[in-house]
Structure formats: structure tokens, C-alpha cells
2 protein chains.
Amino acid sequence: MASIREVAKLANVSPSTVSRVINGTANVDEEKKRRVLKAIDESGFTPNEVARSLFKKSSKTIGVIVPSITNPFFTEMSSAIEKTANEYGYRMTICNTSGNVEKEKNAISMLTSMNVDGIVITTSNQELKKILENCETPIVAIDRVISKNTAGGYIHCDNYEGGRIAAQHLIQNGCKSIVCVRGLESISSARERYQGYLDVCTEQGIREQSIRCDYSFTEGLTMTEKLLEEFPDVDGIIACNDMVAISIYKVLCRRGIRVPEDIQLVGYDNISLAHLMTPELTTVAQPIEKMGVKAVKMLIRKETKGYKEYIFSPELIIRETTK
Amino acid sequence: MASIREVAKLANVSPSTVSRVINGTANVDEEKKRRVLKAIDESGFTPNEVARSLFKKSSKTIGVIVPSITNPFFTEMSSAIEKTANEYGYRMTICNTSGNVEKEKNAISMLTSMNVDGIVITTSNQELKKILENCETPIVAIDRVISKNTAGGYIHCDNYEGGRIAAQHLIQNGCKSIVCVRGLESISSARERYQGYLDVCTEQGIREQSIRCDYSFTEGLTMTEKLLEEFPDVDGIIACNDMVAISIYKVLCRRGIRVPEDIQLVGYDNISLAHLMTPELTTVAQPIEKMGVKAVKMLIRKETKGYKEYIFSPELIIRETTK
DNA sequence: TTTCCTTTTGAAACCCGTTTCAAGATGTTT
DNA sequence: AAACATCTTGAAACGGGTTTCAAAAGGAAA
């Protein structure tokens with residue numbers, strides 16, 4: 001691979017001049033510029049990004065740390081991040097952690113030592129609080145809060161309101177026995193959604209019924225079985241996310257339970273699959289793309305000094321799994 | 001951020017010694033080693049990966065270039081790649097190209113100038129042939145071939161056989177009017193699958209019927225409408241992938257057409273959603289994970305000198321959308 | 001023609017971890 | 001005690017762009 005010094009030799013100028021031609025950082029004599037461009041072309045030179053970022057302390061990269069790269073919520077978010085990053089001349093690199101603290105720590109130190117210009121992270125581990133506070137790289141937490149007022153940004157959608165919306169919708173639709181398939185207690189967004197559901201229940205004098213479930217569809221499957229056993233009179237289910245809603249639907253269907261006639265079902269997130277599945281899934285939409293876009297903008301504009309919170313509003317999308 | 005020279009000063013040794021302690025590349029006096037470790041701990045030093053990879057010409061990273069990061073086939077593949085890469089002490093960075101040649105070229109030059117240790121690419125653009133041939137970084141094409149015998153590896157699943165399997169299954173199940181929703185002509189894997197379908201049709205004296213469709217579910221939706229208009233007597237559909245199969249199912253369902261009673265449907269890929277959807281999707285499985293794992297192994301073991309082809313076998317997974 | 005200002009240019013330092021090389025230290029053999 | 005082998009260690013060079021700084025060159029004003 002040709003280096004800038006070889007190009008310089010070919011064009012009979014100094015490396016500095018070549019650098020100036022490449023980056024347009026200073027005026028260069030037209031004749032020399034032509035020679036340099038010719039030399040670059042002939043040698044097939046491409047500037048070495050590593051050397052560049054070593055000096056610049058910037059790699060024009062946004063790092064994304066997520067608990068799963070197969071979960072559509074995160075891929076749709078990452079997709080938006082990547083697209084936006086590209087628009088601003090940045091790349092994206094994804095790290096998958098499976099929610100594992102060690103992997104998260106690794107990912108952070110890896111990304112910072114790669115000179116990424118910003119990190120978007122979705123995590124629930126309180127342990128990371130100190131690390132993130134001492135991290136010089138701009139960081140925004142997305143979807144899940146690590147700790148309010150920790151340095152960095154926090155982008156989320158009003159989960160409490162989302163939980164309320166879902167519960168209210170089912171009650172309005174005549175449900176008397178609503179079960180909330182709540183996410184893990186450790187996940188802030190899941191706790192908030194549950195709280196929204198709970199408050200509506202107490203306000204309306206409806207019994208609280210819930211069951212815990214992580215965000216995977218395998219667990220969605222087994223938890224639905226358990227749910228039906230524990231709450232045989234259930235007529236409305238709020239799922240912790242759309243993937244789980246899909247698996248709940250599968251089990252109900254298998255059991256011959258009709259949706260929405262016997263049980264009404266509402267998901268959460270509005271991933272594109274919610275619209276694509278049959279029947280189409282009623283769900284509480286989060287503006288997934290907008291959240292990703294906002295995260296990138298905050299990072300690039302360096303709006304993460306101190307603590308910056310940005311809250312989006314959820315929206316109920318009524319489709320076919322509720323009346 | 002502390003540098004190795006600061007650590008050296010703190011520990012009262014030379015930077016070389018610090019480097020040797022970090023990497024265990026040479027014996028270091030126990031007492032000095034202790035001082036160095038103490039200094040590292042106190043200063044919170046982490047080696048700068050950029051400087052490291054500048055010298056080493058390796059970033060311990062595998063680059064992945066895919067046409068979409070929301071398509072489950074690619075995310076499941078990337079997930080396997082990431083997991084395997086991690087096991088070998090490598091990271092993964094994903095580039096999304098939307099099938100755009102310019103973005104693909106950019107991604108390649110970006111990744112090589114980042115000193116990635118290997119590239120996994122899924123592309124159909126013949127234009128890249130020369131670039132890939134001249135690329136010093138090990139490359140493996142996955143799923144789609146760029147050109148046989150081009151330098152690098154090529155990992156795929158026998159698509160011709162997959163097309164045959166799907167067609168044979170439908171014929172055995174009594175289908176008389178089978179429509180192949182074939183993928184884009186530009187995509188080698190799609191061409192091969194179609195060829196498999198076609199050959200079975202001629203062998204069995206069945207009429208060839210097909211319609212083109214890209215791998216997005218939006219097009220899947222509109223193409224199904226067109227399909228039903230053009231082939232009103234259709235009783236079997238082979239989809240170019242599972243996502244399209246899901247959208248085909250949606251349209252059929254909407255029209256009141258029963259699956260599998262009126263029309264039998266077989267997908268392709270066996271993404272995890274195929275199992276999760278209701279009804280469960282009969283599909284031709286590709287060993288997505290194994291393909292990803294193999295790609296990483298080939299790259300890390302530097303088995304890509306010359307041309308290395310590795311073919312997996314497809315497998316019919318009979319579920320609920322066929323009789 | 002001299003002086004001053006502006007522009008262009010290359011040498012060298014810089015970013016920071018790694019490695020080579022040779023010197024210094026320690027130990028062993030004869 | 002001399003000669004030799006082995007280990008430990010730091011100085012310096014390296015990788016490849018970028019930037020600073022000062023010199024050189026060109027142009028304009030006096």
C-alpha cells in the first residue's frame with residue numbers, strides 16, 4: 001500500500017504538500033497539485049485512516065453498543081444511526097454485548113481507544129455509571145437510563161406514558177382482566193412501562209396482574225404458557241415488546257384462543273414486523289428512527305457535556321390484535 | 001488519557017518496559033513489573049488501539065459489508081460472525097451499503113485503511129471484481145458470488161439444490177400451478193434458486209411461472225397482488241426469502257385465501273422468524289450461523305489466498321404453510 | 001532598489017505503542 | 001580471573017498522516 005511519502009517522491013514534492021492537496025488545508029501551486037493528483041492516481045494511494053486518526057484523535061466513527069444485534073428494535077435503531085452518521089461523514093461500528101457487563105466494559109474501552117467520536121449505548125448496568133462519568137468520549141444512553149444526571153445524553157421515549165396508553169386502550173376496549181407481560185426489573189424502560197400500566201389499573205379499579213419476561217421470543221413462548229395457567233380469565237395482554245407479542249400470539253393461536261375476540265393483545269415498539277405480521281399488531285409506537293437520528297446529532301454537535309435529556313412521545317397504533 | 005510514556009515515568013522505567021509488561025513479550029524484573037502495574041492502575045491507562053494497529057498493521061477487527069442491516073438474514077449472519085470473531089479475540093464492524101456500488105467501494109477502502117484483518121462481503125456488483133482482486137486484505141464473499149476464481153473465499157449454500165428442493169416439495173404435495181417469486185436477476189443466489197426450480201419444472205412437465213421481486217417486504221406485498229392477478233390458478237408459491245414469504249402470506253390472508261389449503265407457500269433462509277410466525281413457515285433452510293462462523297475462520301486462518309470455495313447444503317424444513 | 005507583506009513550501013516534530021539493537025548486568029564455565 | 005553466554009533494559013527508529021514553524025520566493029509599496 002502506497003504511503004504519502006511515496007506519493008511525495010513520485011510527484012517530487014514533500015509529504016506535507018501531498019497532505020495539503022488531499023485535505024485542501026492550504027493553497028498549493030496548481031502545477032504541483034496536478035503532479036500530486038497524478039501520483040496518487042498512479043500509485044492507487046488511499047490515506048491510511050489509522051495513521052490519520054492517531055494524530056487527529058478522531059476516527060470519524062460512531063460506536064454503538066447494544067444488547068443484541070438480532071433484535072429488530074436495535075437493528076432498526078442502528079440502521080437509522082448508520083444512515084445519519086453517514087450523512088455527516090461518519091461511520092458506525094456496532095458492538096454486541098448480550099447485556100453482559102464485562103462485554104459492555106470491553107466495548108467502551110475498545111471504542112474509546114479506537115478514538116470513536118461518540119458512543120450510543122443501551123444498557124441497564126449501574127456498574128457502568130462511574131466508567132461513563134469518567135469517559136472523555138461523548139456518550140448518549142438510548143432507550144434505557146443508566147443514571148439520571150450522569151454526564152452524557154439520554155434519549156428515550158416516555159415509557160410511563162406508553163404503559164398508560166396501552167392499559168387505557170385495553171380498558172376502553174372492554175378488557176376486565178389485563179395481564180402485563182413486563183420486561184426485566186433491571187431495565188428502566190420496562191419498569192416505567194409497568195408503572196404506567198399499574199397506575200391506570202389502580203385509577204380504574206382493575207386488578208394488577210403481571211408476569212416477568214425478558215425480551216427474547218423463546219422466553220415469550222414459555223411465559224405465555226405460564227400466563228394462561230396463572231390467569232385463565234385473561235382477556236387483554238400487554239407485551240413488553242413486539243417480538244414477545246408475536247410469540248404470545250403464536251401460543252394463543254396454537255391454543256385456539258382467538259385474537260382479538262377472546263384476548264386482545266398490544267405490543268410495544270412498533271418495529272416494522274408489527275405491521276407486516278398477520279394479523280397486524282396493535283402496538284405502542286416508539287419513534288425508533290427519530291431516536292437514532294437524535295442520538296447521532298447530539299453526539300456530533302457535542303451536546304452531551306453535562307446532562308442532556310431528550311424525551312419522545314409514544315403513540316398508540318391500533319391495528320388488528322385489539323378490537 | 002494517559003499514554004505509555006506517562007506510565008513509564010510514573011513507574012520509573014522506559015516505555016519499552018511498560019509495553020513488555022502489557023503484552024508479556026519479554027521477561028521483566030518482578031519488582032519493575034509490579035511498579036508498572038501499579039502505575040497503570042493509578043493512571044487508568046488503556047493502550048491506544050489506534051497507535052497499536054498503526055504499527056501492527058492489524059486492528060483485530062473483521063469488517064462486514066452487507067446490503068442491509070435490518071434484514072434478519074444478514075443480522076443473524078452478522079451475529080454469528082461477531083460471536084465467532086470475539087471468540088478469536090477479534091471485533092466486528094458492520095457497513096451497510098443498501099446494495100449501492102459507491103457505498104460498497106467506500107466501505108472496502110475504509111475497512112482496508114482501518115487495517116481490518118478480514119472482510120466478509122455480500123454483494124452482486126461485478127464492478128468490485130477488480131478492486132477485490134487487488135485488495136491485500138483477506139476477503140470472503142458470502143451468499144452471493146462476485147466472480148468464481150476471483151482471489152478470496154466464497155461461502156455459500158447450494159442455491160440450485162435449494163430451488164429444486166422447494167419445487168419438488170410443492171409438486172409432491174400436489175401443486176399443479178407453482179409460481180416462483182424469484183429474486184433480482186443480478187443476485188447470483190437468486191438466479192441459481194430459480195434455475196433449480198426451473199429444471200424441476202421441465203423435468204416434471206410443469207409450467208414455469210415466475211415474477212421478479214427484490215428482498216424487501218414492501219415489494220413482496222405489491223408483487224403478490226400482481227402475482228394473483230397474473231396467475232389466478234396458482235396453488236403453490238416459492239418465495240425468494242422468508243421476509244417476502246411473510247409478506248406474501250399477509251396478502252393471501254387478506255384476500256381470504258387459505259394457506260396451505262388453497263395455496264402452499266415455501267420460504268427461503270429459515271430465519272428465526274420463520275419458526276416464530278403463525279402459521280410457522282415451511283422453508284428451505286440455509287445454515288446461516290455456520291456460514292458466518294466459517295467465514296470468520298477462513299479469514300483468521302488466512303485460507304483465502306487463491307480461491308477457496310465452501311458450499312453448504314440446504315435443508316427443507318416442513319412446517320405449516322405446506323401440506 | 002529597498003522594505004515589507006503575503007504566499008508557498010519542506011523539514012521536523014507529533015500522535016503513541018512496538019520492536020530492534022546494542023549496552024549493561026548477571027551468571028556460568030574453564 | 002578471564003572468557004563467554006544469557007538475560008534485562010532503555011534509546012531510538014518505526015508506522016503514516018498532520019501540523020507547526022521558519023525559510024524561501026514572489027509581489028507590492030515606498
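Predicted model: local features only at pLDDT ≥ 70, side-chain atom pairs only at ≥ 80, totals over all residues.
Trainee: What area is buried between chain A and chain B?

Mentor: The contact takes 47 residues from chain A and 47 residues from chain B. Carbon and sulfur atoms give 61% of the buried area. The area buried between the two chains is about 4000 Å².

Trainee: How many salt bridges are counted between chain A and chain B?

Mentor: One salt bridge joins the side chains of A:Arg254 and B:Glu320, at 2.8 Å from N to O. The count between chain A and chain B is six salt bridges.

Trainee: Which element gives the largest share of the side of chain A that touches chain B?

Mentor: Elements of chain A that each supply at least two residues to this side include helix H4 (49–56), helix H10 (217–230) and helix H11 (242–254). By class, the side has 20 nonpolar, 17 polar and 10 charged residues. The largest share is seven residues, and it comes from H11(A).

Trainee: How far is a phosphate oxygen of DNA strand D from an N or O atom in the side chain of A:Arg52?

Mentor: A:Arg52 is among the residues that come nearest to DNA strand D, out of the 29 around it. For the side chain of A:Arg52, the distance from an N or O atom to a phosphate oxygen is 2.4 Å.

Trainee: Which element gives the largest share of the surface near DNA strand D?

Mentor: The residues of this surface divide into 12 nonpolar, nine polar and eight charged. The largest share is five residues, from H4(A).

Conventions:
Residues numbered from 1 in each chain as written. Chains lettered and ligands numbered in written order. Heavy atoms only, no water. Contact = heavy atoms within 4.5 Å. Buried area = accessible area lost by both parts, 1.4 Å probe. Salt bridge = Lys/Arg side-chain N within 4 Å of Asp/Glu carboxyl O. Helix = DSSP H or I, 4+ residues; strand = E, 2+ residues; numbered from the N terminus. Nonpolar A, V, L, I, M, F, W, Y, C, P; charged D, E, K, R; others polar. Near = heavy atom within 4 Å. Polar contact = N/O pair within 3.5 Å; in protein donor to acceptor, adjacent residues only side chain to side chain.
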